[in-house]
Amino acid sequence: MAARIFKRLSVIFFSLFAFSSLCVCSRLSALTDDTEIRIGLVSLYNEVNSIAINNESVLAGFERNGELVGDILHGSFSVAADFSAYSLTGETASSYAEAAGAAAKTGGIPACVGAGNWTVYSPDVNGSTSSRRVAVIDGGKTIAIFDSASDFPQIANADGEMLRLGERSYRGRVEFGRYAGAALTAVNVVNIDEYLYSSVPSEMPSGWPIEALKAQAVAARSYTRTRRGVHADEGYELCDGVHCQMYLGAGNESESARAAVDATSGVMAYYGGRPINATYFSSSGGVTEDGDKVWGNEIPYLKSVKEVAEKEYKVWTRSFQFYEIERLITESIGKIVNVSIDSNPVSGRARRMTITGETGEKIIEKDAIRSFFTQSADGPLDSLNFSVSPSEAPISIISVGSELTDKNIAEIYITSSNAAAANPGAFNVISVSGSYSMKNTDSVTFIGKGWGHGVGMSQYGAKGMAEEGYSYDQILRHYFTGIEVK
Ligand SMILES: [Zn+2]
């Protein structure tokens with residue numbers, strides 16, 4: 001929201017200085033219109049030199065009160081940050097066609113300097129440059145320049161088509177901004193429900209039961225509402241990657257997701273009268289976790305709950321030799337001798353990992369336990385719902401009678417366990433080449449269930465509940481404690 005407010009405020013201040021206070025009132029009315037959201041299309045168009053638009057014709061101009069005020073530009077073309085110098089002719093025109101006619105006579109370029117305000121710029125090496133100009137380029141030639149101190153240009157479909165940028169298509173409008181003053185970033189300004197048509201299928205399979213999809217749509221709508229502003233300094237509200245919520249454009253929509261979004265249009269989950277940060281994840285493996293046990297801050301509606309119908313969940317096992325864990329630590333704690341886990345007694349989920357070395361100790365808490373293993377061969381842990389199983393750890397030799405090789409290891413017999421307090425976990429073996437003392441405590445194995453951070457709604461749990469006849473609001477009220485769905 002903040003990016004939009006900032007943009008609006010700059011319009012307001014511009015209006016204050018340039019026009020009468022009546023303009024301020026009309027701008028303020030737009031502040032209450034938050035059915036649209038600005039999505040930074042940064043996965044493909046973040047600070048790029050040029051962006052290709054593949055429509056036959058688009059409406060191009062500047063937005064005023066949620067409407068695009070502009071002219072139709074025909075043909076597929078590209079937009080680019082304009083670094084050229086121009087002198088201003090002072091010519092005025094009320095349309096692109098009029099400005100293009102005047103420009104043709106003088107060798108200038110039509111320039112839109114505000115909604116419906118056109119002039120002609122003359123290329124001039126002694127003229128001025130601007131870090132806000134955006135050029136429209138067709139066949140290698142600049143056919144128009146958009147240059148406003150208060151806005152960046154936008155395009156909208158002129159004939160009911162989707163806007164086609166490269167391989168992806170978008171509803172609504174697309175803005176091309178030089179937010180950092182240099183290259184271009186594309187921002188899709190789109191109705192929130194139309195955004196959800198595409199983002200819901202990225203987060204949950206479209207073939208799942210409709211009540212689960214509706215729960216996902218309401219969770220995503222509420223989450224979207226509370227997340228607005230995380231990218232306020234970058235010219236948009238949410239990004240189109242997993243950082244915010246995956247958004248691949250209109251090509252990713254599905255009929256069932258559209259039905260789920262339309263059936264719940266305007267519905268959100270609230271706590272204390274405010275939309276909630278409705279977090280979700282794939283599966284819990286039986287029980288979800290309190291928000292503060294994972295992220296640190298206490299949120300009243302993010303409480304551990306038991307699953308009622310999560311029939312499918314991920315089961316996983318990860319084993320780590322202590323030397324592998326040593327490589328993940330930057331501190332010097334000496335050779336690792338033990339790894340232990342403390343769990344939340346209510347949820348059974350890990351909340352603290354203590355790595356004990358010969359000269360020190362490292363403690364890792366909450367969701368950082370999962371991400372601690374990011375640099376390991378198989379990446380972060382899938383969930384915090386796991387137990388420790390030293391018995392499954394690989395065996396290593398601590399003292400060797402004679403050299404043990406893969407040639408003579410074929411026949412090996414455990415002859416005794418060695419329960420001496422000084423050497424817990426050790427045992428003796430005999431093989432064709434001699435006898436050995438071995439130990440299995442220099443590695444640790446985690447046996448886990450579930451996938452994801454475990455806070456809020458389990459998507460597989462929602463699927464199971466929907467299959468058992470629960471409605472979307474019952475699903476949401478199960479996973480988010482004390483909320484209202486309206
Ligand atoms: Zn983001």
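Q: Which residues of α5 meet which residues of α11?
A: Glu211, Lys214, Ala215, Val218 and Ala219 in α5 meet Tyr472, Ile475 and Leu476 in α11. Contact here is C-beta atoms, placed from the backbone, within 7 Å. By class, that contact has six nonpolar, no polar and two charged residues. The model is predicted: local features need pLDDT of at least 70, side-chain atom pairs count only at pLDDT 80 or more, and totals for chains, interfaces and linings use all residues. Residues are numbered from 1 along each chain as its sequence is written.

Q: Why are α5 and α11 called oblique to each other?
A: The axes of α5 (residues 210–227) and α11 (residues 472–479) cross at roughly 55° and come within 8 Å. Angles under 35 degrees count as roughly parallel, over 145 as roughly antiparallel, 65 to 115 as roughly perpendicular and the rest as oblique. The pair is therefore oblique.

Q: What makes α5 and α10 oblique?
A: The axes of α5 and α10 (residues 459–467) cross at roughly 140° and come within 7 Å. By those cut-offs, α5 and α10 are therefore oblique to each other.

Q: What is the handedness of the crossing of α5 and α10?
A: The crossing is right-handed. That term applies if the near helix is turned clockwise from the far one by less than a right angle. The crossing of α5 and α11 is right-handed too.

Q: Which residues of α5 meet α10?
A: Glu211, Ala212, Ala215 and Gln216 in α5 meet Gln459, Ala462, Lys463 and Ala466 in α10. By class, this contact has four nonpolar, two polar and two charged residues.

Technical notes:
Axes fitted to C-alpha atoms, helices over the stretch in contact; angles between N-to-C directions. Helix = DSSP H or I, 4+ residues; strand = E, 2+ residues; numbered from the N terminus. Contact = placed C-beta atoms within 7 Å. Nonpolar A, V, L, I, M, F, W, Y, C, P; charged D, E, K, R; others polar.
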